[in-house]
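The sequence and the model come up next.

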Amino acid sequence: MPSLAARSDREGRSLLSRPQKATDAMLTSAHLYPAEGRAIVRTMKRVNVPGWLFVVTVTLLVETGVRAFDYEQKIATPSSTLRALYGALADGTLSGEIGFTLHAYLEGLALAILIGVTAGLLIGSSRTLLDASSVVIEFLRPIPAVALIPLAILFFGPFGIAAHRFVVVFAAVWPILINTIYGVRGGDRMLQDVARTAGVGRVGRLFHVTLPAALPSIATGIRVSATIALVVCVTAEFRTGAGGIGNYMEDQQFANKLPELYGAILLVSLLALAFNAGLRIVQRRTLFWSGEERSAR
Amino acid sequence: MKTSAARRIAGPALGVVVFVAVIGVWQLWAGAADSFVVPTASEVARRAWEVWPTSDFLSEVGQSMKRYAAGFAIAAAIGIALGLLVGASHAARRTLDPFLECLRAVPAIAIVPAAILILGLGDASRIAVIAFGLCFPILVNTAEGVRGIPLEVRDTASMLHVGRVERASRIYFPAALPSIMAGLRIAVSLGLVLVIVSEFVGERNGIGYYLILKQSEFDYPALYAGILFLGLLGYVLNRLFLLVEHRVLAWHYRAAGE
């Protein structure tokens with residue numbers, strides 16, 4: 001990574017030097033685990049008993065500490081948080097909010113994937129397009145998506161899903177775009193030449209050579225984006241009055257309902273974990289042929 | 001086919017031309033649409049020129065940057081220290097991993113209400129939010145850097161009975177520095193996001209609050225100017241950090257043959 005940055009800087013290429021390719025390190029500590037196992041036995045062995053014991057211990061300490069020092073006005077106890085979350089889920093208060101959040105989130109993410117991968121494939125496979133788009137990308141990319149929330153409210157109004165979707169797309173598109181460009185440019189030139197010699201046309205090469213080679217990189221970009229997008233989506237809901245888990249959180253804060261507030265925090269965190277785990281599984285199942293997975297065998 | 005020398009000049013030039021063209025299209029389109037939600041590029045530029053040098057605006061930026069710096073420093077200290085621990089000790093890694101993974105999944109905005117309840121509406125809660133969010137990329141990258149240290153180096157250190165503290169400060173830290181810097185670089189950009197998020201509620205100051213204020217005042221050109229400023233600020237901070245990184249890691253690039 002550093003050597004790549006140094007090299008591209010020397011060439012005066014700024015687009016590829018600064019926007020970092022998203023890596024797993026930005027997302028999870030997946031590398032802390034041993035290589036992917038084959039059998040359930042290995043999965044069982046990998047269950048981290050001391051680690052989860054530590055989580056339980058901390059939770060119990062917080063529970064007793066908050067009760068003992070009578071701090072319940074400021075920190076909800078884990079038990080009351082769980083009870084409040086279970087209650088809100090069971091009586092359906094939260095289902096509408098979850099649906100609202102997921103709607104904006106998934107639509108925005110899908111749009112971002114569509115835009116990011118398409119543009120990334122085009123930009124990555126043409127030096128001219130890369131040059132042409134570099135300044136515009138460098139200009140737009142550093143703008144924090146959350147700073148666009150007030151603007152999105154102006155554009156789309158505070159009560160629709162469109163404002164959230166816009167912010168989600170803006171936040172999610174960059175990791176996907178940059179990773180797609182990296183994936184395309186990092187592809188084996190030999191394969192391209194072989195395909196060309198074999199008479200495969202431009203479009204054929206794009207779908208049968210370029211895209212498959214870039215897929216692992218694209219997948220990582222999507223996973224990074226998926227996490228960012230959920231956070232941005234909830235943040236946008238916090239500012240607008242349309243609904244969603246973020247909106248619910250704001251309501252609970254104003255009503256001073258601590259357990260409900262902490263329950264919503266827990267819910268968002270669980271959603272983030274679930275999406276990340278789900279995408280990891282999809283990536284592992286579909287990209288088993290890629291370098292990383294193969295070297296694990 | 002152009003030569004690479006021609007490319008080196010033509011490439012960036014093309015980028016600039018396209019950029020100017022995009023601005024031109026914006027100007028013409030906004031002028032034709034005549035919608036008050038979309039000011040023209042020239043109007044935004046004029047407003048930016050008016051707003052940016054004012055002491056009001058700069059004091060908001062100053063407030064934000066103060067908290068940004070404090071949050072960044074705290075996150076770096078905690079992230080690097082915990083990262084060294086988690087990277088160096090297998091037991092610490094196993095014990096802390098699920099806990100840190102759970103904490104890491106908590107979105108920063110979700111921390112805001114809780115931080116305000118515990119730390120009040122002032123700077124402390126905002127700095128806590130920023131530090132919380134920035135901690136994890138630094139931690140993970142530090143741990144990864146330490147894990148990447150060749151086994152021979154670790155074994156040699158333990159054979160020579162190098163003490164824990166000295167091992168961490170004189171072997172693990174320098175060896176993991178390239179990776180640590182990568183984590184800090186992520187934190188530089190992420191920090192701006194967290195600054196804005198932390199200012200959406202609570203006391204009325206900072207650049208994030210400024211954006212909300214301008215939104216509620218329907219001062220669109222100023223809102224655009226504020227967003228533009230954030231983009232430029234992010235760009236400049238990133239560039240500055242790259243300069244620092246190249247200085248700090250000069251030995252590493254030399255060793256890597258660059």
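R67(B) is buried, with a relative accessible area of 1%; buried means under 20% relative accessible area, exposed over 50%, and partly exposed in between (1.4 Å probe, protein chains only). This is a predicted model, where local features need pLDDT of at least 70, side-chain atom pairs count only at pLDDT 80 or more, and totals for chains, interfaces and linings use all residues. Residues are numbered from 1 along each chain as its sequence is written, chains are lettered from A and ligands numbered from 1 in the order in which they are written, and side-chain values use heavy atoms, with hydrogens and water left out.

So who does R67(B) pair up with? Its side chain meets that of D123(B) in a salt bridge, that is, a side-chain nitrogen of Lys or Arg within 4 Å of a carboxyl oxygen of Asp or Glu. R67(B) sits in helix 3 (residues 55–88) of chain B and D123(B) in helix 6 (residues 123–147) of chain B, so the pair ties together parts 56 residues apart in sequence. Helices here are DSSP runs (H or I, at least four residues), numbered from the N terminus. D123(B) is partly exposed, at 24% relative accessibility.

| Salt bridge | N to O distance |
|---|---|
| E107(A) and R165(A) | 2.5 Å |
| R67(B) and D123(B) | 2.9 Å |
| E101(B) and R104(B) | 3.7 Å |

E101(B) and R104(B) are about one helical turn apart, because three residues separate them in helix 4 (residues 90–104) of chain B. Both E101(B) and R104(B) are buried.

Over all chains, the count is twelve salt bridges.

Technical notes. Helices (H or I, at least four residues) and strands (E, at least two) are DSSP runs, numbered from the N terminus.
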